[in-house]
Structures are given as structure tokens and as C-alpha cells.
Amino acid sequence: MNNHPTPTVLQATNLQKRFGNTVALGGVDLVVPRGQSLAIMGPSGSGKSTLLHALAAIQPPDEGEVRLFGERIDNRSESQRSLLRRTKFGFLFQFAGLLTELPAVDNVALPLLLAGQPRGRAIAAAREWMRWLGLTGLANNRPGEMSGGQAQRVALARALVMEPAVVFADEPTGALDHATGVETMATLHNAVCANQSTLILVTHDPEVAHTCDRIIEISDGLLTSDRLVDRSTKREGTAVA
Ligand SMILES: Nc1ncnc2c1ncn2[C@@H]1O[C@H](COP(=O)(O)OP(=O)(O)OP(=O)(O)O)[C@@H](O)[C@H]1O
């Protein structure tokens, strides 16, 4: 039996953030173990996106700290945080956010090209991720030539191509119909799990949240609930990959 505790990927301590007189985060503590899928829920304006952005080194908190594998990341310069985001994190947003003028395979290869990989190797790796996600036939399609679900899977391939430690997703199914959303969540969980990555997502949708291992709720910038999802009620979708 393995008695070793699961290592911590992200640790946030006393996160505080204000926008003028608005307290977006009022002191949030959070420990995320490696391999966990975590859903952040809460009413509109409660601080979910602000928390995600603080954890992902997009917008540092005013107070408190964020550690990735024990190392502080919140106090780094913008260029250091940008490099960290490109190499250690993957991002998936409500609207896939692909570059419309580039074919799908180039969109997927972009993080590798930005990291300085030779084009041939980057495209080969992108093709492999697309194959794994069932997107082989779409390599040369531009985002406008794909369905919403296909575009989101291309965005997922792009989020995973650097084999990130953490995938951050903000309403990843928000722009999809229900069936496509269920399929996208199954693909997302499979891909993150196969990659031994960790998933942190923001959602308003309880069904999406219940596909995760753990759900936290934020209200007025404070963590008001933190619970593990009962495995027997966890919603499993049908894997497509
Ligand atoms: N850049 C900003 N400038 C001013 N106020 C902001 C900014 N970003 C967020 N806020 C405010 O901080 C609070 C928390 O916002 P946040 O976007 O984190 O909430 P949320 O829970 O993600 O909301 P939603 O579910 O509507 O996306 C809100 O009152 C919001 O208006």
C-alpha cells in the first residue's frame, strides 16, 4: 500500500485582492494536490475568476502568496510569470480563443514554437496530440471551419502540448450545447489524467463541477465551502479519446 501523501502542486495562502473599494478576494487559503481536479463555484462577482487569475500567475494578489511545487510565483516579474504560464500551465477558456487565421495544427503547435522548438518537431508533436484527441482530419482546418466542440478540443490540444503541471479552465463548456459540453468534460478529464496534470476550473454549472474530484465555493471573496465529490455520485461522461 502506498502511504505517501500526494505532493502539493499549488498552495495559496491568505490571497487578497481589491479593485478600488471592491474586495474581490478577502483572504483565501487553498492547497491543491497533484492530479486533483478542482471546481471553483460561486455567484457572479464572488471572486472566482480573480482567484483563478491569482493561482495562474496572470494577476498577482495584493497580499498573500502562491507557490507552485513549493516555489513562490506571485512575486515574480511579469516576464517571468509570462514564461511560467507558457511552460508550466495550460489554459482553456469559454470561447476556444484560437487564432482564426492559422490552421488547427499551427494553433496547437504555437506554445512549442514560442518555446523555441524547431517547426518540424513542434508540428509533429501537435499532430500527435490532435490524433490522440480524435482531431486528425481537422489539422488543416481554420477555427471558422470547425464546430464549437471541435474548436474546444483543438484548444485543449494546445493547452496540453507543453505537458503542463496545471490546466486552468474558465467556463470551458459555457459556449457549448449540453451534449458537447458533457463530451468535452470527459475528454478534458481523460487528457489531464493521462498527462498526470492537475485541473482547476471555474464553472457556474453544478453538473460540470460534479465531474471534478473537489468543489470549492467562493462568496464575497471568501471560501465558504470545500468538499470532495462523492465518487458514487461523480458524473462520468463517455470518453471520446
Ligand atoms: N479588472 C477589474 N476592475 C474592477 N473590478 C473588478 C475587476 N475584476 C474583477 N472586479 C470585481 O471584483 C469582483 C470579483 O470579480 P470576479 O470576476 O473574480 O468574479 P466572478 O465570480 O468570476 O464573476 P462571474 O461569475 O460573473 O465571472 C467583482 O465585484 C468584480 O466586479
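In the predicted model, strand 9 (residues 214-219) and strand 10 (residues 222-228) are paired in the antiparallel sense, with six bridges between them. Within this pairing, serine 219 is placed opposite leucine 222 of strand 10. The two strands form a hairpin with two residues between them, and in this hairpin aspartate 220 adopts a positive phi near 50°.

An open sheet is formed by four strands in the order 2-1-4-5, with antiparallel pairing. Strand 1 (residues 8-19) and strand 4 (residues 63-68) run antiparallel and are joined by five bridges, with alanine 12 standing opposite valine 66 in strand 4. Helix 1 lies across strand 1, strand 2 and strand 4, and runs at about 125° to strand 1.

The residues around the ligand are Phe19, Thr22, Ala24, Gly42, Ser44, Gly45, Ser46, Gly47, Lys48, Ser49 and Thr50. The elements that contribute two or more residues to this shell are strand 2 (22-33) and helix 1 (48-55), and helix 1 gives the most, with three residues. When the shell around the ligand is divided by class, eight of its residues are polar, two are nonpolar and one is charged.

A further arrangement concerns a pair of helices. Two packed helices are described by the angle between their axes and by the distance between the axes. The axes of helix 5 (residues 148-160) and helix 6 (residues 178-194) come within 10 Å and cross at roughly 15°; as this angle is under 35 degrees, helix 5 is therefore roughly parallel to helix 6. The crossing in which helix 5 passes helix 6 is right-handed. On the side of helix 5, the contact is made by Gly148, Gly149, Gln152, Arg153, Leu156 and Leu160, whereas helix 6 contributes Thr180, Glu183, Thr184, Thr187, Leu188 and Ala191. By class, the contact of helix 5 with helix 6 comprises six polar, four nonpolar and two charged residues.

How values were computed:
Residues are numbered from 1 along each chain as its sequence is written. This is a predicted model: local features need pLDDT of at least 70, side-chain atom pairs count only at pLDDT 80 or more; totals for chains, interfaces and linings use all residues. A residue is near a molecule or strand if its C-beta atom, placed from the backbone, lies within 6 Å of it. Ala, Val, Leu, Ile, Met, Phe, Trp, Tyr, Cys and Pro count as nonpolar, Asp, Glu, Lys and Arg as charged, and the others, Gly among them, as polar. Axes are lines fitted to C-alpha atoms, for helices over the stretch in contact, and angles run from 0 to 180 degrees between N-to-C directions. Angles under 35 degrees count as roughly parallel, over 145 as roughly antiparallel, 65 to 115 as roughly perpendicular and the rest as oblique. A crossing is left-handed if the near helix is turned anticlockwise from the far one by less than a right angle, and right-handed if clockwise. Two residues are in contact if their C-beta atoms, placed from the backbone, lie within 7 Å. Two strands pair if DSSP finds at least two bridges between them.
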